[in-house]
Each structure stands twice: as C-alpha cells, then as structure tokens.
Amino acid sequence: MTNTQAEQAAAARRAEEGTAVEAGSKATERFTASGKLAKLEVPKERVSLLAGAAIKAINDIAVEHQVTYEEYNALKAWLIKVGTDGEWPLFLDVWLEHTIEDVNSKDRPGAASTIEGPYYVPGAPVLQTPATLEMREDEEGTPFLLKGRFTDTAGNPIQDAQVEIWHADAAGYYSQYAPGLPEWLFRATVKADENGYFEINTKRPAPYQIPTDGACGQLIAAAGWHAWRPAHIHIKVSAPGYQLVTQQLYFPGDPHNEDDIASAVKPELMLEPKPRADGGEGEEAVYDYVLAKEGEHK
Ligand code: DHB
Ligand code: FE
C-alpha cells in the first residue's frame, strides 16, 4: 500500500467505527463554553431582518417544491436529532460557515482565508520555530514540513507573528474530539523568528469524513451525498497589530478537493509539496503569509 492508500483505509475504518455523538457533543460543549456566547449582542432590527428572511426563504421552498406533511415531519424529526446528537456546530460549519466567512473576509487584503470548522481548541502549547508538533511514538503518516514567512502588505517582515495549527492524524481523528488521543496531538501555537520565518514538522493528515453516524450523516445518506472533506491542515495566523487570518491548507491530487462537503477549498490554499530539500524522509511545502494591519482594507 502507498501511504495515501493506508491513510484512506484508516479514514474509512474510522468512519465505520462511528464517532458522531462523541465529536458532536464535544463540539457543542466547547462552543457553549467558549465565551463566544457571552459577548453576543445582536440588535433587534437585525434579528427581525435575518430571522424574518430565513423564515421567508424556508416558506418559499415549501411552496416552490410543494412540501408534503410526510416531508415536514421528517424535517422536524431530523432537526430534533441534530440537537440531541450535538451536531449543530458540525451542521453549520459544513453547510453555512463558508458563506459567512466569504462575506466577512472580502475586504481584507493578504493571505486567503476559509472556515474554522468545529475542532479548534485555543490555548495549545507554545513552541518556538523550528517546531515539531506533538506525536505518539511510531506515529503513522508521511512526515511533512511546513515552512514560510510573514510579511505585511508592503513586503516588510513581521515580528512576533505566530501560527496556530491543528489537524487530524493519519486516520482522520482530531485530538480532544476522539477518544484515546494525547490531548495536544497535532496541535500547537508556533512562534515565528524575528524575521518572520517559521518551520513546523508534522505528518500529513488523512482525508476526513465528517461523522456519519449522527444526524448530519443521516442527511447525507438519505440524500445520496458523500461525507468527505479533502485532507487539510487548519491554521490561524496572527501578530500584534495585524488582522487574524483563519484558513486551511490542502494537498494537490486529493479526490475531494473539487467536491469538499464543506465548500472550503480555494486555489490560493493549495500547497505544493516537494521532496524534502535536506534529503530527509517525507515532503515539505512553503506557504508565505501576508497579513493586513488592523483597519487595513482593500
Ligand atoms: C467538519 C470537520 C472539519 O475538520 C472541518 O474542517 C470542517 C467541518 C465537520 O465535521 O463538521
Ligand atoms: Fe478539519
């Protein structure tokens, strides 16, 4: 087996094992505890506008497609199950976040961005570049070195920049969302050097199926869709005085780059992996970051 085949087989195994309720309820718990809720203040006018528009859109669908009572009851049962499975974060991050992200990043110059997804955990261990992410002994997967440099939109190096990185293992599991993994497996905050350079040693993550045994999986099966996201590395880049960018990086040739269930792939986010320049095992890729200053816009 090639490594990619091994990784895909491991991901398929994982999908069969079923982790929806585990991953879903963790994602729900963490979102609820994240402090994002404490700061929420949406003015009455916006609530009325947005909730009104959403309700109208659904009613228009019911008329356009002549929705039956059987279909209406199936919808009700399914919405209840999304909640009991804890899958609202998954559902929203797969089928809506990409649009919210586009709307909110369109005026920001510099590095391309995409969705955060449900599995970010703040406060990962801080490592200085050149960094190696936490792994188990005999960790499976192709060694992968990600390196790059931070500059501002005028091309000047940025000081005190950092890369928060998190990704699945070679079986498609995320630490803290699947049982039995070390807490900070494939998660870290990596500090760039004074010239803005960083190097991160890790392993290539596997393509990933969103959990198939919960409400989202039920919808996917009932509609005859697939649950795959292409292999990806999640990143947040930031520096004091600059706008934070949340993104993911992808690998060319992944069969799901063109039909990502979460619609989060962009050409600017594609890596160009090459054999390692130092002759070491595995691959490396360079990805440089241009950050926009706070308040800077296109
Ligand atoms: C989901 C998982 C991801 O890793 C991601 O990047 C986006 C969505 C999900 O399971 O919903
Ligand atoms: Fe992900």
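**Pockets and their linings**

Guide: Let's begin with the second largest pocket: in this predicted model, its volume is about 460 Å³.

Visitor: How many residues line the second largest pocket, and which lie nearest its centre?

Guide: There are 13 lining residues, and the ones nearest the centre are Ile58, Ile61, Val67, Leu75 and Leu79.

Visitor: Which elements give two or more residues to that lining?

Guide: Those would be H3, H5 and helix H4, which spans 69–84. H4 gives the most, with seven residues.

Visitor: And what's the lining of the second largest pocket like by class?

Guide: Eleven nonpolar residues and two charged ones, with no polar residues.

Visitor: OK, switching over. How much space is in the largest pocket?

Guide: About 1,000 Å³. It has 28 lining residues, and Phe31, Lys36, Asp93, Glu97 and Glu116 are the closest to the centre.

Visitor: Which helices give two or more residues to the lining there?

Guide: Helix H2 (20–33), helix H3 (44–64), helix H5 (88–95) and helix H6 (97–105).

Visitor: Which of them gives the most to the lining of the largest pocket?

Guide: That's H6, which puts in five residues.

Visitor: What about the classes in the largest pocket's lining?

Guide: You get 15 nonpolar, nine charged and four polar residues.

Conventions: Residues are numbered from 1 along each chain as its sequence is written. Chains are lettered from A and ligands numbered from 1 in the order in which they are written. This is a predicted model: local features need pLDDT of at least 70, side-chain atom pairs count only at pLDDT 80 or more; totals for chains, interfaces and linings use all residues. Side-chain values use heavy atoms; hydrogens and water are left out. On a 1 Å grid over the protein atoms alone, a cavity is a set of points where a 1.4 Å probe fits but cannot get out, and a pocket is an open set with protein on both sides within 12 Å along at least five of seven lines; lining residues have an atom within 4 Å of a point. Grid points are joined across faces, edges and corners, and a volume is the space filled by probe spheres set on the points. Helices (H or I, at least four residues) and strands (E, at least two) are DSSP runs, numbered from the N terminus. Ala, Val, Leu, Ile, Met, Phe, Trp, Tyr, Cys and Pro count as nonpolar, Asp, Glu, Lys and Arg as charged, and the others, Gly among them, as polar.
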